[in-house]
Amino acid sequence: MIDIKKVRADFPILKRKINGKPLVYLDNAATSQKPQVVIDSLVDYYTNYNANIHRGVHTLSQLATDAFEQARIKIQKHFNTKHNYEIIITSGTTDSINLVATSFTQFLQKGDEIIISAMEHHSNIVPWQMLCQRTGAILKVIPINENGELILEEYDNLLSNKTKLVFVNHVSNALGTINPIKKIIDKAHKFGASVLIDGAQSSPHIKPDLQALDVDFYVASAHKLCGPTGVGILYGKEALLNKLPPYQGGGEMIKQVTFEKTTYADLPYKFEAGTPNIAGVIAFGVALDYLNELGFDNIAAYENELLVYATKKLLQIEGLKIYGTAKNKTSVISFNIANIHPYDIGTIIDKLGIEVRTGHHCAQPIMDFYKIPGTVRASFSFYNTFKEIDLLVDALQKAKAMLS
Ligand code: C6P
């Protein structure tokens, strides 16, 4: 059970006002707020043991290195990967995907096929288009139906011996749809293709067991999981990561450098050139501890109650249409009211303290599918309340009255 009073007290920002009104933060799919323990962890690092890692024999460097590597182990345990060196620290989901896309270049040939879905974030479209441009590979797209669900029969039709890679998000950021990733992975493996799952939107709600999923690559961003910005993870199976060449050259990722030849470090360091966001990684470990203490089953159950309540209340607004009505959804609701532009709604309800995202949500193909310029997106987290949903609905009624 989520003790909502206690949980809200953990997030200092929730006490602030916006335009003189209590903050109602409903843009959690863009980034989550941070509990005090995470903020304290950042301050503690810079106050007490700020030093570079893996480089010094001195005490501070060793303290920082230990804390950083402990955080990697926490991440490994959370996502249940076989080895801690299969967790590569990056700057975020976008960085992780670009790493894989760049490193795969030499393994693709003209005519090879890459499958993505019609509900991907631009981060899981553009790097693959760039990979196709470099290699002559062909991008194929699994279509969606009106509810915003993948049409799996079409996926079956796209798969063939030419399929080398499949990239799908676990949860759509614009629709909230939870995709059947185990099925998608198993089907791809029958054709020998590798699968990357974009966990940016699912990881705050669903704790995945990456070994049970048998996924080849998995990516996520700390900032959506109550952690700091500028930290992400790439999980890859050991054999695949060993096969891929490094992404960036620099310090940390080498064994030996001469002007004639450089040899690369073992995993995970081969992919971790330069100084990482040390404080951020340590604080991400603290964020995972915090979320696991709350329990992901508790988080998902409470957020689902918020989703059901908000869906019912929003649909009472005349002219409101929800985009993304899949059976399996996380707590994301994208909608429009009549033909009012989403930016206008977002601007007015911000005056009432309510923070939602408006626009195409970096998923333009979804907007094209529904033939709309964008949506208003309210995304709920475990620290939101039913009362906040009532405030959203009241604010939308006011905005509608003003704009229609
Ligand atoms: N979506 C949203 O408001 P980064 O920015 O690298 O941390 O994450 C990119 C990303 C990749 N995949 C999915 C499914 C995502 O939702 C996101 C980020 C935010 O929906 C910001 S655009």
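Seven strands make up an open sheet with mixed pairing, in the order S4-S10-S9-S8-S7-S5-S6. Strands here are DSSP runs (E, at least two residues), numbered from the N terminus. Two strands pair if DSSP finds at least two bridges between them. At the edges stand strand S4 (87-90) and strand S6 (138-142); each has a single partner strand, so one side of each lacks a neighbour in the sheet. From one strand to the next, the twist averages 20°. The axes behind such angles are lines fitted to C-alpha atoms, and angles run from 0 to 180 degrees between N-to-C directions.

This is a predicted model: local features need pLDDT of at least 70, side-chain atom pairs count only at pLDDT 80 or more, and totals for chains, interfaces and linings use all residues. Residues are numbered from 1 along each chain as its sequence is written, and side-chain values use heavy atoms, with hydrogens and water left out.

Phe-167 has Leu-196 in S8 as its bridge partner.

Strand S14 (residues 332-337) and strand S17 (residues 375-379) run antiparallel, joined by four bridges. Ile-333 stands opposite Ala-378 in S17.

Now the ligand. Domain 1 (4-30 + 295-403) and domain 2 (39-292) both give residues to the shell around the ligand, so the ligand lies between them. The domain bounds come from an automatic or database domain assignment. There are 16 residues around the ligand (a heavy atom within 4 Å). Thr-94, Asp-198, Gln-201, Ser-221 and Arg-357 come nearest. The shell divides into four nonpolar, eight polar and four charged residues.

| Side chain | Ligand atom | Distance |
|---|---|---|
| Thr-94 | oxygen | 2.5 Å |
| Ser-221 | oxygen | 2.7 Å |
| Lys-224 | nitrogen | 3.0 Å |

On its own, the ligand has 510 Å² of accessible area (Shrake-Rupley method, 1.4 Å probe), and the protein covers 87% of this area.

Definitions and conventions:
Polar contact = N/O pair within 3.5 Å; in protein donor to acceptor, adjacent residues only side chain to side chain. Nonpolar A, V, L, I, M, F, W, Y, C, P; charged D, E, K, R; others polar.
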